[in-house]
Amino acid sequence: MAYIAPIHRPSSVRHALRSYLLSDTEESLVLAKANRLEIWRLSDGVLSLALSKTINGTISILQKLRPKDSATELLFVGTDRFEYFTLAWNPEKSQLDTLNPLNDPAERHMRDSQSQDRALVDPSGRYLVMHLWEGVLTILGLGNRKNNAMVLACLDQVRLTELFIKASTFLYTETGHPKIAFLYQERADSGNVRLTIYRLTKEDRPMEASKFDPSRDRELDTDIPDPSASMLIPVRKVEEEVKRHNVRHVESAKAHIGGLIVVGETRLLYIDEVTHATVESALTEASIFVAWAEYNVTHYFLADDYGGLHLLTLNTEGVVVKGMDVNLIGRTSRASNLVYLGNDLLFVASHYGDSQLFRLDLANEDPRQYLQLVQTLSNIGPILDFAIMDMGNRGDEGQLANEYSSGQARIVTCSGAHKDGTLRSVRSGVGLEDVGILADLEHCRGLFPLRSHQSAKTDTLAVSFLTETRVFRFDSEGEVEEVEAFTGMALNQQTLLAMNVAGGQILQVTASAASLLDAESGMTIATWMPPERKSIVSASANQEWLLVSVDGTELVSLSIGNELRVVGHKDISKQDQIACIHVPPQPQLSGVAVVGFWTSGTISIVDLNTLEPIHGESLRKSEDDASIPRDLAFIQILPPRGTSSGPTLFVAMQDGDVVTFNISSKDLSFSGRKRVMLGMRQARLHLLPQPDGTYNIFATTEHPSLIYSAEGRIVYSAVTADEATYVCPFDTDAFPGCIALATETQLRIALIDRERRTHVKPLAMGEMVRRIAYSPREKVFGLGCIRRELAAGEEIVQSSFKLVDEVLFDRVGKTFPLGGPGYTELVECVVRAELRDSYGNPAERFLVGTSFLPDPDYAPTSDTRGRILVFGVDGDRNPYLVLDHKLKGACRCLAVIEDTSEEEEEEGGAMNGDRGGESGRGGGLIVAGLTKTVVVCRYDETSSTTAELTRLASYRPSSYPAEITIRGRIIAVADLMKSLALVEYVPGTPPKLVERARHPASVWATAIGHVEGDSWLEADAQGNLLVLRRNLEGVTPEDKKRMEVTSEINLGEMVNRIREIEVETTKGAMIVPRAFLGTVEGGIYLFGTVVPHAQDLLLRFQAKVADAVADKTVGHVPFRSYRAFRNAEREGDGPFRFLDGELLERFLDVDEETQTVICEGLGPSVEDMRNLVEELRRLH
């Protein structure tokens, strides 16, 4: 059974529009990203996210409607499964309400529209048409009465004679009766393009659709001179001083403002809506336009396929259109949509690169200042390939990462297309941005922020070491000075605690004494010392109380306000030993403390006046459990709201677990126990106060984490600081909101995020990075890049191989260009391998497979259609060519079988003839997926710059090998059309490839990966994921060769790459991470398998959560239909043995009453299920 959850949600923007959705006075920007709707507000010229909602479906249509007499608008949303609904904003509940859910009534045997799903809304906002099927138009309309104004009804579904529609739009009309224009081809292979205009409804019956009869309802049908025309822009009408009347001589009529612009690649055509008079203008340079937006009635923005932004201007005399001009005004990401937000702000929504917000200054004398970038919305889609750079175990070669490091993985993606291509380092977690390095200091044992006399904010940092304490003073400019003395503090020994207390005093606790110092004079106000030959082991304090542990056997509480007078004393040497102590910092918890005990493994909340326990709890899971509490934090982490969110007690255990309890504000009783694993060694809990009076916790262990509250629950998130040992808040004038952070070798000032987010570090390449491979030995990435650019109106495509340093995250070495005159060479695959050099030693190599695109202007000079190239990396980090092997077909994919050096392999012939020379050195086996075959070759280096390939065996797939992956001697071949086949390499005389198993189904495979044992993961072009298993227990040989589906789900996004991972799981883990997936929409997903004993529980749990949240899901689309497998051959009724992690985590979002209903009959308690889901969250 399988599990999937998002690490990075899709970031590609396919649809965008502005709408009066949230308010009648404020327009919002609405974005559609795969299965998520985002609503952004514009304030002070910057966009801010107001709402994000997940929809059970991939959004294929997004439009807005305006009900009659309504001040706000509705959103119309359609999914790729033909589910449609409208959304209205409910200001009382601050949520989106679902209205008018409906299914497409069309018959499924009809052919899909070639121009994808398209929806249009007329200028009044009350009529909507959908073009989903070839030759069919679905017409819907909002009611025109008060009681049905919000009801969207299907008026009709009409047949069109125009089958091959390239573009369509509504027109602005004088009468208000809606008209629609189609730009179409008469045949799919026809070179001519025509424009036709129809009336949408009958003139006397506005709620009755016309029949689109060419002889009755068609108003215009004309040829378009530019056969490449593919865009229609409606032009609004303007008030005319002299009204036009019926025109008898149309041929002499002039074209007025109010009509239609037909945009082609070489020319523009304007058509008057009333007289059909035309104005034609030629473009000065041919362009492929992909998106448009209206600036005003005579100016329109056009975005082209190469990232150019143009301004189309209607040249007019009064209201008469005389001509049109198009001028380039700047460069942007390649646009999916353009949205003009008013006030000279233009939003560029992009699927191919970052979405951008620009400020317009078209009156500027400098053309370079026409577009000024204001804001960027990061997008890592489409992900063409990616490499896993770090799983949290760097420096421990061969050591497996723990199961939670998947949430801290550093992934480097090949993102974007063409000029928007980038390399992106992606890591999910709480970010730390270094502000500065204070000093190179080793073996720090504590950090304490202090305020000097009359200072309103922190300006001093005390750093404790084993034998001394050092003090650093900061001025308002950030200049730092180390001081020899500070307010009388003892600096010749380790400081256990230092803090400012009321009355301008400073409390310092060392192993020998606790001292209260005057911050102004440095005089000692009071001192308390432990008995002779005893020492203070640990200390904790707030503004009123100090609690110390003496030799780990005595507890002493002192009143700070009474000059360190001893209030309580307790000797526990005969019962136990003290492991840790903590005094809560918040005033509402004053008078109590928490003590952890060594021998018994228990904790107690004690009264500081008497040191008697109020409540206690054992922390050990069983009798033979020897775990010990090592650190404590008793704080208000959740915002206090009634009685449901009291203080929380955190206990860091010696084994790396953190145990939490909900503590009653009334009687301090324990409840809601949870246990979360943060690492393999004990965590230190450092408190970070927040502006709202709550606290966050920075937990330092081998995988540091930030513990904070979000959406009413406690969240554990990885931090991008790998080596932090001690942390403290450091909010100074020069470094507001910062923290001080110590590692084993340095002391740094850093700015920390308040919550988890995905951190993306981009490296702009200016070209498409199609393939990537990571070399841990050379510490570089090998990139296969494709550059596309225009030169003198001609498109030039150039491929290359280059290196990027993993530490500097920048290009190194020289670029190795590919291709030549007469042909274009495209990079198809790049892999890294350890192969034998000419001396028989392991050497790091990059393997590159390419394909040729012959230039039609040149006659073919050879039958070469691809190459296999092998590169090494020299001392200057430049790639050098070791092997150049020409092929008669394209090399689509490459992989390497571990070095075998089998004698039998020497019997094979050379790939393009005889082998030509024996080397006798086993260099490794390379598996290549060519155009129609899969071949295994032996690689032999004959010198430092020469090598040869020997063909050993071949296998012919059903159609075309899309990808190959290897496990041992088993080669998994993903066929372009016929799913997956498992082929075994059998050494012998001669060696051969033997098909062992096959999935007998039509699946358009895009990526494959090994899961475990005999199971494999496959992704297809329809966004499905399948887990396939060899049926080795089959009765007949045919049964054993037939692979069976053990799990399947529809992800809703096409997966481009699957990368396997290996992690070490803890005992009792329910999910084992197996792979990462990268999608076209910019999503990164964690794939895992479910252990057998948890499968039934989690399947029943998923079904119950889906039922419980069904009414709360935007769109009311059933979860089962959304996640059901679907392709051209069949459609399932739900996910099969597949868990959706995003759905399971919604269990934490519902109220406790709903959680109780969900858990009824499951077995585990509500608290157990909460803990389980929290553990799942930490996996990603």
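This note goes through the cores, sheets, aromatic pairs and a few single residues of the model.

1. Basis. The model is predicted: local features need pLDDT of at least 70, side-chain atom pairs count only at pLDDT 80 or more, and totals for chains, interfaces and linings use all residues. Residues are numbered from 1 along each chain as its sequence is written, and side-chain values use heavy atoms, with hydrogens and water left out.

2. Largest nonpolar core. A nonpolar core is a set of buried Ala, Val, Leu, Ile, Met, Phe, Trp, Tyr and Cys residues joined through side-chain atoms within 4.5 Å. Buried means under 20% relative accessible area, exposed over 50%, and partly exposed in between, with a 1.4 Å probe and protein chains only. The largest core has 41 residues; Tyr3, Val1090, Leu1098, Phe1101 and Phe1147 touch the most other members. Elements giving two or more residues to this core include strand E1 (2–8), strand E32 (383–390), helix H2 (1092–1109) and helix H6 (1166–1178). H2 provides the largest share, seven residues. Helices (H or I, at least four residues) and strands (E, at least two) are DSSP runs, numbered from the N terminus.

3. Contact means heavy atoms within 4.5 Å. Beyond its neighbours within four places in sequence, Tyr3 is in contact with residues including Ile1071, Phe1087, Val1090, Phe1138, Leu1144 and His1180. Another core, of 21 residues, lies apart from the largest one; among its members are Val235, Val279, Phe289 and Val326.

4. Aromatic pairs. Rings of Phe, Tyr and Trp (its six-membered ring) pair if their centres lie within 6.5 Å; planes under 30 degrees apart count as stacked, over 60 as edge-to-face and the rest as tilted. The count is 19 aromatic pairs. One of them, Tyr295 with Tyr340, is edge-to-face, at 5.2 Å centre to centre and 80° between the planes. This pair links distant parts of the chain: Tyr295 is in strand E24 (residues 289–296) and Tyr340 in strand E28 (residues 337–342), 45 residues apart. Tyr295 is partly exposed, at 22% relative accessibility. Tyr340 has 13%, so it counts as buried. Tyr774 and Phe781 form a tilted pair, 5.0 Å centre to centre with 35° between the planes. Both Tyr774 and Phe781 are buried.

5. Ring cluster and a charge over a ring. Phe801, Phe816, Phe846 and Phe871 are linked into a cluster by ring pairs. Elsewhere, the charged end of Arg788 sits over the ring of Tyr306, 4.2 Å from the ring centre. The rule asks for NZ of Lys or CZ of Arg within 6 Å of the ring centre and within 35 degrees of the ring normal.

6. Sheet E36-E63-E62-E61. Two strands pair if DSSP finds at least two bridges between them. This open sheet has four strands in that order, with antiparallel pairing. Strand E36 (432–439) and strand E61 (726–730) are the edge strands, each pairing on one side only. Neighbouring strands are turned by 25° against each other on average, direction ignored. Axes are lines fitted to C-alpha atoms, for helices over the stretch in contact, and angles run from 0 to 180 degrees between N-to-C directions. Five bridges join E61 to strand E62 (residues 738–742). Cys728 stands opposite Ala740 in E62.

7. Sheet E77-E78-E79-E80. This open sheet of four strands is antiparallel in its pairing. The edges are strand E77 (961–967) and strand E80 (992–998). The twist averages 30° from one strand to the next. Strand E78 (residues 970–975) and strand E79 (residues 980–986) are joined by five bridges. Val973 has Ala981 in E79 as its bridge partner.

8. Arg967. This residue is found in strand E77. Arg967 is partly exposed, at 36% relative accessibility. Arg967 and Glu1012 are 45 residues apart in sequence and 9.8 Å apart C-alpha to C-alpha. Not counting residues up to four places away in sequence, Arg967 touches His1010, Trp1016, Glu1060 and Glu1062.

9. Ala149. The loop between strand E12 (136–142) and strand E13 (152–159) holds Ala149. Ala149 is buried, with a relative accessible area of 7%. Outside four places in sequence, Ala149 touches Pro67, Lys68, Leu142 and Gly143.

10. Hairpin. E17 and E18 form a hairpin with two residues between them. Two bridges join strand E17 (residues 201–202) to strand E18 (residues 205–209), running antiparallel. Lys202 stands opposite Arg205 in E18.
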